[in-house]
Amino acid sequence: VEMDIAVVKDFVLECLKGYKIWWWHLYEDAPLHIFVETGLLLFIVWLVFIRKTIDPTKSATKKLSEDEVKWLVDTWNPEPLAPVLDERTQRQSASMRIVDAVKGNVMSVRGIASDVLNLCSYDFIGSSQYATAKDAAKEALYKYGCGSCGPRGFYGTIDVHLDLEAAVAKFMGTEEAIYYSDGASTVSSAIPAFSKRGDLLIVDEGCCDSVRIGVELSRSTVITYRHNDMADLRKILQSIADDDKRLKRDTLQQRRFIVCEGLYRITGDICPLPEIMKLKEEFFYRLILDESTSFGVMGATGRGITEHFDINIGDIEVLTISLDTTLCSVGGLCVGSHEIVDHQRLSGAGYCFSAAAPPFLSSAAVASLKRLEDKGETLMFDLNKNSLRLKNALKKIKNFQIASDFLTAQVDGEDTCGDWNSPIMYLSLIPSPNRTWEEDETMIHQLCEMCLERGVGLSTLKFSTDRLASLNKELIRPSLRICASTYLKAKEITHAVGIIKECAATIRARQ
């Protein structure tokens with residue numbers, strides 16, 4: 001036993017001696033490693049054996065007095081869950097009307113005794129009253145239920161979503177289409193899917209809020225050009241090209257896009273697409289074109305502004321459309337090549353993170369698209385005819401103007417609209433140095449309310465206070481938005497414009 005103890009003792013001493021030599025060599029080779037390791041060892045010892053923890057099951061020994069509790073309650077001032085609305089926004093909110101029912105070209109508005117003629121809807125070709133679309137929606141509702149219960153990339157994709165993508169791609173003449181569940185988020189997802197921080201976006205200042213949101217989300221460098229001003233656009237593109245040469249920049253290191261709309265939602269005019277195509281090819285830019293409003297409205301068969309100008313849709317890199325208007329459904333699509341569509345299935349935020357559109361509404365869109373495909377020429381002819389009739393009648397109202405008349409761009413000395421007439425008309429007071437923009441806004445609001453009381457339903461162009469601060473008030477005037485549709489009759493247009501004219505004269509007389 002004594003011998004065994006001596007052996008063990010010698011072994012332990014040899015181990016300690018060897019450990020001391022190893023430690024010293026380690027200190028000479030990597031002193032930083034020694035300090036870090038020692039610090040971690042000391043921290044573990046403190047954490048396990050020294051640090052004191054508070055037992056949550058034990059109540060505090062000192063309780064607040066009743067006076068202290070009362071003082072805390074009386075002085076507590078919680079922040080509002082939503083921002084406090086300013087006076088202007090409160091007036092706008094208070095003036096909003098509730099539509100209880102829509103029956104053809106009339107609607108029932110809460111607070112108005114009789115039916116109101118509908119001149120404020122984007123249902124340009126009457127798809128909301130199409131019986132086949134309603135039957136398709138009802139059948140899909142019984143088959144699939146109400147919702148899709150998940151995003152497209154997870155378990156929300158249903159066969160009708162794929163059917164709609166295939167049908168729209170075939171109708172537009174593209175390889176593929178990707179279906180988003182919200183119309184506004186389509187373009188606001190497509191833009192940041194392709195343009196990132198460090199890239200360049202050249203954006204028309206007349207673009208609507210959904211385009212502007214997409215531009216902001218991209219975090220790209222943004223330059224705006226004057227609305228439909230091709231001379232200004234060329235000047236900007238040339239200036240950037242000159243800077244590239246001067247600074248010897250490699251343009252391949254930056255993605256560059258021109259961003260515009262086909263039919264501008266807030267002005268009612270269209271972009272000079274042929275000239276934009278020439279500039280993008282000359283200066284080597286890509287084009288993001290939002291046809292949310294022009295799809296189903298422009299072109300001989302409703303295929304949009306590319307058909308209107310006879311431009312190959314394959315030459316446009318990113319093209320978005322909305323189903324909220326002419327197809328009377330929800331959501332939107334981006335159409336294009338396989339590469340453009342496939343990229344968005346992992347990069348389009350609205351596609352990846354939003355629940356897929358309800359299948360019954362997708363079925364309604366498929367049925368409405370079939371109607372547009374079969375009767376497109378007739379629908380476009382009737383819509384253009386009613387738009388022209390409404391536009392010519394509105395022009396006769398004294399002291400008022402239609403925005404698209406003085407905003408329409410010129411291409412080769414001719415109006416971009418040609419013999420086509422926009423179904424969206426913005427009727428505004430002719431600017432006067434004796435009235436402010438805000439005074440015009442008040443008068444337009446009063447005019448809208450007066451027309452509603454007399455049976456003509458219109459809407460006004462509204463902006464948030466933040467958006468108003470950055471708005472080009474020379475371009476965008478306070479306006480009545482008046483929409484034409486295929487189901488309006490000539491006598492209804494004459495009657496409605498007569499009411500607007502009488503109410504406008506009354507408002508002007510009050511000033």
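**Reading burial, charge pairs, cysteines and strands**

Modeller: Let us begin with T486, which counts as buried because its relative accessibility is 17%; buried means under 20% relative accessible area, exposed over 50%, and partly exposed in between, with a 1.4 Å probe and protein chains only. This is a predicted model, in which local features need pLDDT of at least 70 and side-chain atom pairs count only at pLDDT 80 or more, while totals for chains, interfaces and linings use all residues. Residues are numbered from 1 along each chain as its sequence is written, and side-chain values use heavy atoms, with hydrogens and water left out.

Biologist: Where does T486 lie, and with which residues is T486 in contact?

Modeller: T486 is found in the loop between β17 (479-483) and α19 (490-510). Such labels denote DSSP runs, numbered from the N terminus: helices are H or I of at least four residues, and strands are E of at least two. Contact means heavy atoms within 4.5 Å. Setting aside neighbours within four places in sequence, T486 has contacts with F124, I125, G126, L379, D382, L383 and N386.

Biologist: How should I read a salt bridge, and how many does a search of the whole structure find?

Modeller: Side chains of opposite charge can pair when their charged atoms come close. The criterion is a side-chain nitrogen of Lys or Arg within 4 Å of a carboxyl oxygen of Asp or Glu. The search of the whole structure gives 23 salt bridges. One of them joins the side chains of E441 and R88, at 2.8 Å from N to O. Because E441 lies in helix α17 and R88 in helix α4 (residues 87-94), this pair ties together parts that are 353 residues apart in sequence.

Biologist: Are E441 and R88 buried or exposed?

Modeller: E441 counts as buried at 15% relative accessibility, and R88 counts as buried at 12%. In another pair, R226 and D229, the closest N and O atoms are 3.1 Å apart. Here R226 is partly exposed at 46%, and D229 is partly exposed at 22%.

Biologist: Which helix holds both K370 and D374?

Modeller: Both residues lie in helix α15 (residues 359-394), four residues apart, about one turn of the helix. K370 is partly exposed, with 45% relative accessibility. Salt bridges can also form a network, as they do among R97, E449 and E453.

Biologist: What of the cysteines: how many disulfides does the search find?

Modeller: A disulfide is a covalent bond between the sulfur atoms of two cysteines. The criterion is a pair of cysteine sulfur atoms within 2.5 Å, and the search of the whole structure finds zero disulfides. For C149, the nearest cysteine sulfur is that of C146, 8.8 Å away. C149 is exposed, with a relative accessible area of 61%, and C15 is partly exposed at 39%.

Biologist: Finally, in what order do the four strands of the open sheet stand?

Modeller: Strands of a sheet pair through backbone hydrogen bonds, either parallel or antiparallel. Two strands count as paired if DSSP finds at least two bridges between them. In this open sheet the order is β11-β14-β17-β16, with antiparallel pairing. The edge strands, β11 (400-402) and β16 (459-460), each pair on one side only. Three bridges join β11 to β14 (residues 424-429), and Q401 stands opposite S428 in β14.
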